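The following note was prepared for a colleague who asked for a reading of how the chains and their elements are arranged.

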There are 2 protein chains.
Amino acid sequence: MTLTMNLGPRSYDIIVKRGVLQESGTLLNLDRKCLIVTDAGVPKQYAEAVAAQCRAPVIVTVGIGEGSKSFPVYETLCRKLLEQDFHRSDCVVAVGGGVVGDLAGFAAASFMRGMDFYNIPTTVLSQVDSSIGGKVAINLDGVKNIVGAFWQPKRVLIDPDTLHTLEPRQISNGLAEAIKMACTSDAELFQFLEQNDPLENIEHVIIGSLQIKKSVVEQDETEQGLRKLLNFGHTIGHGIESTGKLLHGECVGLGMLPMCSEAVRKRLLAVLKKAGLPTTVSFDREAVWQAMQHDKKFSAGMADIVTVDEIGAGKIERVTMEALKARFDSAYMEG
Amino acid sequence: MTLTMNLGPRSYDIIVKRGVLQESGTLLNLDRKCLIVTDAGVPKQYAEAVAAQCRAPVIVTVGIGEGSKSFPVYETLCRKLLEQDFHRSDCVVAVGGGVVGDLAGFAAASFMRGMDFYNIPTTVLSQVDSSIGGKVAINLDGVKNIVGAFWQPKRVLIDPDTLHTLEPRQISNGLAEAIKMACTSDAELFQFLEQNDPLENIEHVIIGSLQIKKSVVEQDETEQGLRKLLNFGHTIGHGIESTGKLLHGECVGLGMLPMCSEAVRKRLLAVLKKAGLPTTVSFDREAVWQAMQHDKKFSAGMADIVTVDEIGAGKIERVTMEALKARFDSAYMEG
């Protein structure tokens, strides 16, 4: 199945197909220098399978986890591109999860002021969400995605077969983003998640999520308005994530709960539990509240938050920091 | 005088006016947090004059020279923005020459994936050339502008009064870029430079140069084709610059000479000398040739070079590396 992201001159195709990794040589232009970025947690054979289809591949394996979305690792990638004589007509290929895509994408966005970028996501989280939409970034001093760019890939290949090698916790982690999008934008997909096993229907969940994200990004590529919907659960979620205890999707799941009406929360709790996601957490509330202050959606003492009072009908609301604090304080009283 | 750069949603005004520095508070939106970036070589009173017109200014003074266009200094700027709680609705203001504009502009382009950027150039070189057009970048391992973005300023203020504090060598350095643009694109301006003292007519030279650059950038914002014209003199020039002996404009002046017809070279030599620019140089030819290899206009063994066989009629030519080497080897035999 092919979805097209319609963004004028920056349009691109997203190809979802079992085994598509083996077709990258025909679906992507790899007849040039290709910097393949992967991480130590991704099975080596994925990057190697892509490399085997490139004319001049260079594989870089970064450390696993958010720690690689750093200035030093970003500089290392740029230096590698320089040392290996890459030019702006060459390309960068990310093979891995969201960390690899964000990091490699920012190197592609900025080396020689921009090169072609392909994304081959191999986790549920990146397949349903982070591999499309063009947000690339690194972290700084514990603040996520604070330095980056909007840089759309030239094509995205999604191979659900790569999910077989994932731990169950990583699968749950990714499902959180699918649940998030269903909750704000697609009552039908939400109902599907309530009534079916998401794992047995992973392709349906991936495609449903991509369709929501595609529609939102097409309407608001650079997050001037509507795209903020995709941040549902992320305001408090990023705060919890800064404690380093939980995975990104787990934090997003927790971050959604204080942003819902009573009725929505009840249904959401059931879906989160079914997906193997935590619904309670203990943390240092003051430290998390502090960590939340650098959010890109805050300014002049106001916060843009996303709330869901009815499944499929998420809203962006501008609230005072006090109102946000009240939601934050009310959270995680549920069992 | 106001020139408008017409780039659709990224359009902006360039205001050229003596004393305009003192009007920045009314001409720019400084009623927010403003990171003012300047360098140790720029008279302090310029950044302070702008700061006095901001609601919440933070001045950062970086070291003088190309050394500041580095990963560590870029990271320092991003950290300063983070520590001082800047948001994407705040702004960055460059007050200084090309180094400050390139560095501050890249921080503005990437912090929170992009903030408003204002440029207030205070050198001839940045006033005639680098402050407009949206190319921002840092250097890596001695290779110039290898990591960066296309990020247009929201407005540019050009105050020719700031040029009074410049050394004569810095003025000549800037005139080289004006001569470059006249040579490729404006026979009338070239003739003006032949017949008049450029210093006594600096506003005329600035405006003439900006008009050429505006026209080129409007037609080709991201350097797909025509904009390469502006690289006249830069291919060999950047190579010579890597030796660290000469200023950017001096190298560009030298870099133009092997790219002209005999007749053009004769006229160009006279104009360069009159502007106080060198026309001969000694350097390690092998080292410079090596340094030239990372040029963004090279790929697959071919180089896009700019040649001028007739004043005002620059051409972009794709040549083999051997052909470029022949031009390089022939250079600087003139006295």
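Which residue in strand 4 of chain B does Asp39(B) stand opposite? Asp39(B) faces Val62(B) there. The model is a predicted one, and the points below should be read accordingly.

1. Strands 3 and 4 of chain B. Strand 3 (residues 33–39) of chain B is joined to strand 4 of chain B by 7 bridges, and the two strands run parallel. In general terms, strands of a sheet pair through backbone hydrogen bonds, in either a parallel or an antiparallel manner.

2. The sheet of chain B. These strands belong to an open sheet of 7 strands in chain B, whose order is 1-2-9-6-5-3-4 and whose pairing is mixed. Strand 1 (2–5) and strand 4 (56–62) of chain B are found at the edges; each has a single partner strand, so one side of each lacks a neighbour in the sheet. On average, and with direction ignored, neighbouring strands of this sheet are turned by 15° against each other.

3. Helices on the sheet. Helix 4 (residues 98–110) of chain B packs on the sheet and touches strand 3, strand 4, strand 5 (91–96) and strand 6 (116–121) of chain B. The direction of helix 4 of chain B makes about 170° with that of strand 5 of chain B. Helix 8 (residues 202–219) of chain B lies across strand 1, strand 2 (12–16) and strand 9 (155–158) of chain B, and runs at about 15° to strand 1 of chain B.

4. Helix 6 against helix 7 in chain B. Helix 6 (residues 168–185) and helix 7 (residues 187–195) of chain B pack at an angle of about 130°, their axes being 6 Å apart. Helix 6 of chain B is therefore oblique to helix 7 of chain B. The crossing of helix 6 of chain B and helix 7 of chain B is left-handed. Helix 6 of chain B contributes Ile179(B), Ala182(B) and Cys183(B) to the contact, while helix 7 of chain B contributes Leu189(B), Phe190(B) and Leu193(B). By class, this contact has 6 nonpolar residues, with no polar and no charged ones.

5. Helix 6 against helix 10 in chain B. The axes of helix 6 and helix 10 (residues 248–256) of chain B come within 7 Å and cross at roughly 35°. This crossing, too, is left-handed. Among the contact residues are Leu175(B), Ile179(B) and Cys183(B) of helix 6 of chain B, together with Val252(B) and Met256(B) of helix 10 of chain B. The residues of this contact divide into 6 nonpolar, 6 polar and 3 charged.

6. Relation of the two chains. A rotation of 180°, with 0.0 Å of shift along its axis, superposes chain A on chain B with an RMSD of 0.0 Å. The two copies are thus related as by a two-fold rotation axis. In chain A, the C-alpha nearest the axis belongs to Phe71(A), at 4.0 Å from it. The same surface serves both copies, since 100% of the contact residues of chain A recur in chain B.

7. The interface. In total, 25 residues of chain A are in contact with 25 residues of chain B. On the side of chain A, the elements that give two or more residues are helix 3 (71–83), strand 7 (135–140), strand 8 (143–150) and strand 10 (298–299) of chain A. Strand 8 of chain A gives the largest share, 6 residues. By class, the side of chain A that touches chain B has 13 nonpolar, 6 polar and 6 charged residues.

Notes. Residues numbered from 1 in each chain as written. Chains lettered and ligands numbered in written order. Predicted model: local features only at pLDDT ≥ 70, side-chain atom pairs only at ≥ 80, totals over all residues. Axes fitted to C-alpha atoms, helices over the stretch in contact; angles between N-to-C directions. Helix = DSSP H or I, 4+ residues; strand = E, 2+ residues; numbered from the N terminus. Parallel < 35°, antiparallel > 145°, perpendicular 65-115°, else oblique. Left-handed = near helix turned anticlockwise from the far one by under 90°. Contact = placed C-beta atoms within 7 Å. Nonpolar A, V, L, I, M, F, W, Y, C, P; charged D, E, K, R; others polar. Least-squares fit on C-alpha atoms with pLDDT ≥ 70 in both. Pairing = 2+ DSSP bridges.
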